[in-house]
Amino acid sequence: MANHSERRSLTSDPLHYIKAYQVYVKKSTAQKETVKWIEQNLPKVLKQAYSTGQIPETFNILSVGCGDGSVGDLLILKAVASYLRSSKPNVKPTVFNQALDPSSDAVTAFQSAVNLWKEECGNVDVSFESSVKTWEDYVAGTKKEEKKFHIISFVQSIYYMEPEATLRNCLEERLAENGIILCMNVSQNVFFNHFAKNFYGTELLVIPTGITYHTSESVAAIAEKNGLQYEHFLFEFSLDVEEIFDESSVEGSLLLDFLVQTVNFRDVTGKADEQSVIKFLSERCQTADNNKKILRENVGVVVIFKY
């Protein structure tokens, strides 16, 4: 039997995390469904937010934990530009995007993607600033009276901060009138939540380092408790887990690591315990049309309005 000390949280090993996450992205439809949700719903949300207010001449976006932008923040920028063009057909959209992320590589990749998009579309005036900072460092280094934002986005990043205090700071100090906060994160219906509940108190559950899995339901509950105006959306995606059931599959083992948030889970787990986890996974699976085992999970989006 492996010792508990041998078990490491996936977030404690950034390189292994990236490898596991890349397999997760490859095997899931999460990004495809994220694109669809943003393209179909964000313009409607903005129309609702500005139904009684004037659309700003320069639309300011704060992307918190932007990563390389591919998961959502670049899509948000594109959707804002599209909304502005449709709202003011004879005016070239002007957008300012402030991006925060503690990873310099991620921020550089996001800025490169924005610059490429600007060259391709040519009909939007975008200015971009980036800060290689955590949210906490950003808050400590800015003053209340500085720039106000019309969208503050947390795309899969609210896990790294205390959500209630973060939302309060945004609403009181950073969000413009008629602006929105957009939090996109996992819902209760993801495998890790079910795994954590089932194996709580056992050595099989490793608590992630530096991260708390705040679900969209918990963010919505904070908004409800504080009397905020909000909407809670859910969209489904599928995850192909077939290779996890092949012990010889490198990608299958990496995907399993991601699902249970543990580095080299198979290597540090006894056979009987491994089989109990595989059995638990199998019981939660469905069979796709191609006879592969899949999980159906949900991403939640909480939009908080400031009127």
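Visitor: How many aromatic pairs does the structure hold?
Guide: This predicted model holds 17 aromatic pairs.

Visitor: What makes the pair of Trp-37 and Phe-233 edge-to-face?
Guide: Their ring centres are 5.2 Å apart, and a pair needs centres within 6.5 Å.

Visitor: Which geometry do Phe-199 and Phe-280 show?
Guide: Phe-199 and Phe-280 are also an edge-to-face pair, with 5.5 Å centre to centre and 85° between the planes. Phe-199 is in the loop between α7 and α8 (216-225), Phe-280 in helix α10 (residues 271-284), and they are 81 residues apart.

Visitor: How do you know whether Phe-199 is buried or exposed?
Guide: Buried means under 20% relative accessible area. Phe-199 has 7%, so Phe-199 counts as buried. Phe-280 has 12%, so Phe-280 is buried too.

Visitor: What makes Lys-147 a charge over the ring of Phe-96?
Guide: The charged end of Lys-147 is 4.6 Å from the ring centre, and the distance limit is 6 Å. Lys-293 lies over the face of Phe-245, at 5.5 Å from the ring centre.

Visitor: Which residues do ring pairs link into a cluster?
Guide: Tyr-17, Tyr-21, Tyr-24, Phe-237 and Phe-258 are linked in this way.

Conventions:
Residues are numbered from 1 along each chain as its sequence is written. This is a predicted model: local features need pLDDT of at least 70, side-chain atom pairs count only at pLDDT 80 or more; totals for chains, interfaces and linings use all residues. Side-chain values use heavy atoms; hydrogens and water are left out. Rings of Phe, Tyr and Trp (its six-membered ring) pair if their centres lie within 6.5 Å; planes under 30 degrees apart count as stacked, over 60 as edge-to-face and the rest as tilted. Helices (H or I, at least four residues) and strands (E, at least two) are DSSP runs, numbered from the N terminus. Buried means under 20% relative accessible area, exposed over 50%, partly exposed in between (1.4 Å probe, protein chains only). A charge sits over a ring if NZ of Lys or CZ of Arg is within 6 Å of the ring centre and within 35 degrees of the ring normal.
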